[in-house]
Amino acid sequence: MNAHAVGGMPEITYNFAYLDEQTKRMIRRAILKAIAVPGYQVPFAAREMPMPYGWGTGGVQVTAAVLGPKDVLKVIDQGADDTTNAVAIRGFFEKTARVATTTSAVEATVIQTRHRVPETPLAEHQILVYQVPIPEPLRFLEPRETETRQLHALAEYGLMHVKLYEDIARHGHIATTYAYPVEVAGRYVMDPSPIPKFDNPKLDDCPALQLFGAGREKRIYAIPPYTRVRSLDFEDHPFKVQRFAKPCALCAATGVYLDEVILDDKGGRMFVCSDTDYCNGRQVAGHRGEMAAPVGEGA
Amino acid sequence: MTDTPLLIADGLSKNYGNRIGCRDVSLEVYPGEVLAVVGESGSGKSTLLGLLSTELEPSAGRVSYRLRDGRLADLASLGAAEKRLLMRTDWGFVRQNPADGLRMAVSAGGNVGERLMAVGWRHYGHIRDEALDWLAKVEIAGDRIDDDPRAFSGGMRQRLQIARNLVTRPRLVFMDEPTGGLDVSVQARLLDLIRGLVAELGLAVIIVTHDLAVARLLSHRMVVMRHGRVIETGITDQVLDDPREPYTQLLVSSVLAA
């Protein structure tokens, strides 16, 4: 290690993208297997990362394994580029891999995301990396890991429908709104990570490679490009995505996922795009919502 | 009843280390027949049930079952997928403790509907209608369909467990002390219900019990077990009224007359 003193402190150098080459090889093998068997959870030897579990240790390891020096990285946290998790992970790879980073979903070649899929359609040259807290969609119905593996192996997914049945029995409609189970390539049932079900249709037939990393649970799974992804439902209660009564208050976009922002303690609220990059892009292009700043005042 | 057996056990043995669970048991069960396995605690009844239902692996011997297509298959030769399909469609298993056989956090309707969804039912309305139908058959009020079994009494839970098992119209049901832990009046109603359903659906049942009254009421034939061996078999009334083995005589004479 070429540690030369700067101001009395030794400068630390990292291997490219933090992980050592053998670890990245191991993760790449798991990723290749995951791509070969779409939706199947491949175990891998997840490493301790310099961040707490639940902050994207799985996603970071997958990103580190697929990242090259010429890649352009974007990190999304709940749709936003400027929240703690996104800023921290972006900074992590700027420091350890010296890759270019961006907030633009169009410019990025690797996008690591927590809980959202960008509104901008993805392209073939892009990789979307999801951070996954609990990879097992059957976990809350069947706590035994040995049993859930059997159920996956034999494609016994009646249990998943029991959950949807319970939703309808209790609420009159399927009340699962995030981490909504999907069937991948007609075989494995998969947890799409806690993205809103609004984003489920974007997983289907997506041109980009989609990788899912769960650090604590040590699992990687994948959806290869142009793969059929179907959200589970009943014939008489078909899958539906959330609808919003009003367009985005800043960019007037419709058909996008909106966040509710409380403005005061008198019931004031606004609905804005959860995808900040998409919203900014539309505002720059001149779209104005009802609460947007007048032109010229700047954002 | 037909003359081709539904299930054949041949020389079944099970050892737990040096201890014997079950030794050289052979028996046949015919379609539509109720077979009671009686004996005192520790006589190997539950081990035998475990072996017949393939939950336990035998140390020696084998179990064959006539599949719906008429083929007689050695259960040990079936793949895991085939075996599980068999267990959730053609078989039922009613356990002594309903909490082991039910999903306690899932509503009554979901419990009954689970097997239907497992065999590919994907229409909520149809699943619910079928569940309501079955709840009525086991005398659970339709307005309890969305309650979970934690809110049910012991007798109701046991009836729900029966509905959950019978919804796919199995041909063979294993019952392990289904009336154990219930008070006498509830027991009587449950037995009545089981008897009615068995006759109506033409089920074959293998029921394990230490209660001779249950065997008398439900079963056509019975086997008496002691120390892991079958010591007497025969028509239920014949065994109970005219027991040949000294141990069976002891069992029958130790029943308290009400």
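What share of the contacts in chain A with a separation of 6 or more comes from residues 24 or more positions apart? The figure is 62%. Keep in mind that this is a predicted model.

Let me stay with chain A for a moment. Its secondary structure amounts to seven helices and 14 strands. Of its 299 residues, 44% are buried. The C-alpha trace spans about 70 × 60 × 35 Å along the principal axes.

Now the radius of gyration. Chain A comes out at 21 Å. A compact globule of 299 residues would be near 19 Å, so the value for chain A agrees with that expectation.

Next, the contact between the chains. Chain A puts in 14 residues, and chain B puts in 17. On the chain B side, three helices each supply at least two residues: α2 (80–89), α4 (108–118) and α5 (124–137). Which of the elements of chain B gives the most to that side? It is α4(B), with six residues.

Last, the annotation on chain B. An unreviewed UniProt entry records "domain: ABC transporter" over residues 7–252. In the model, that span of chain B is 40% helix and 26% strand.

To recap, then. Chain A has a radius of gyration of 21 Å, in agreement with a compact globule. In the contact, α4(B) is the top contributor on the chain B side. And the domain label on chain B comes from an unreviewed UniProt entry.

Methods: Residues numbered from 1 in each chain as written. Chains lettered and ligands numbered in written order. Predicted model: local features only at pLDDT ≥ 70, side-chain atom pairs only at ≥ 80, totals over all residues. Helix = DSSP H or I, 4+ residues; strand = E, 2+ residues; numbered from the N terminus. Rg over C-alpha atoms; globule rule 2.2 N^0.38 Å. Buried ≥ 20, exposed ≤ 12 C-beta atoms within 10 Å, placed from the backbone. Contact = placed C-beta atoms within 7 Å. UniProt positions renumbered as here; feature names shortened; annotations may be inferred.
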